[in-house]
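Me: I would like to learn how to read a helix and a surface patch in a structural model. Could you take me through the general idea each time, and then the case at hand?

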Amino acid sequence: MKFLSHLKDISKTIMLTSSFIKYQFPAIVWCGVIFFLSSLQGNEVPGLKYNTDKLAHAVVYFILGAAFHRALKFQKNPSLVSFSLLLTVLGTFLYGMSDEFHQSFVPGRMAGWNDVLADVAGGILYVVFYMRYKFYEQK
């Protein structure tokens, strides 16, 4: 009996781990990619013109929004699922702010509110695309 109980515990752990890897881990990895890119010194950053820089921010945070939403949408807590889109926008805003704060310490890089706005715009764009997709999927 003890063996079966132990086997059941192992099975539950494996299921929780695979769920974590499938849903939460991509958001953590993408946050790590953003952190790495933010850590590049000014002379190591590929040359982006002003307008394309904001577009790059929006695209990167659109992907982060998708990863955050995926992590939240498949939670067991119904409140997290219900507010997953709002929390996605809030998460992209908070991570964007923390990213700009981090960037302010990197030589040759500058932090700016315009970048945070582009980050949030990416998160909001994800939510808009997701809601539009869901709307047409229901028809």
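Me: Where should I begin with α4, and what span does this helix reach from its first C-alpha to its last?

Reply: Bear in mind that this is a predicted model. Helix α4 has 20 residues and reaches 28 Å between its first and last C-alpha, which is close to the 28 Å expected at 1.5 Å a residue.

Me: Which residues of α4 are buried, and how are they arranged about its axis?

Reply: The general idea is that an α-helix has 3.6 residues a turn, so residues three or four places apart point the same way. In α4 the buried residues are S84, T88, G91, T92, Y95, G96, D99, E100, H102 and Q103. Viewed down the axis of α4, these buried residues fall within an arc of 160°, and therefore they line one face of the helix. On the face turned away from that buried side, α4 carries the exposed residues L86 and F101.

Me: What surrounds T92, if neighbours within four places in sequence are left aside?

Reply: T92, which lies in α4 (residues 84-103), has a relative accessible area of 0% and so counts as buried, the cut-off being under 20%. Apart from those sequence neighbours, T92 is in contact with Y61, L64, G65, F68, D119, V120 and G123.

Me: Which residues form a nonpolar patch on the surface?

Reply: F20, I21, F25, I28 and V29 form such a patch, and together they have about 440 Å² of accessible area. One of them, F25, is found in helix α1 (residues 2-39), and because its relative accessibility is 40%, F25 counts as partly exposed.

Notes:
Residues numbered from 1 in each chain as written. Predicted model: local features only at pLDDT ≥ 70, side-chain atom pairs only at ≥ 80, totals over all residues. Heavy atoms only, no water. Helix = DSSP H or I, 4+ residues; strand = E, 2+ residues; numbered from the N terminus. Buried < 20%, exposed > 50% of the residue type's maximum accessible area, 1.4 Å probe, protein only. Contact = heavy atoms within 4.5 Å. Patch = residues over 30% accessible without salt bridge, like charges linked within 9 Å, V, L, I, M, F, W, Y side chains within 5 Å. Areas by Shrake-Rupley, 256 points an atom, 1.4 Å probe, with all protein chains shown as cover. Salt bridge = Lys/Arg side-chain N within 4 Å of Asp/Glu carboxyl O. Expected span 1.5 Å × (residues − 1). Arc of directions from axis to C-beta.
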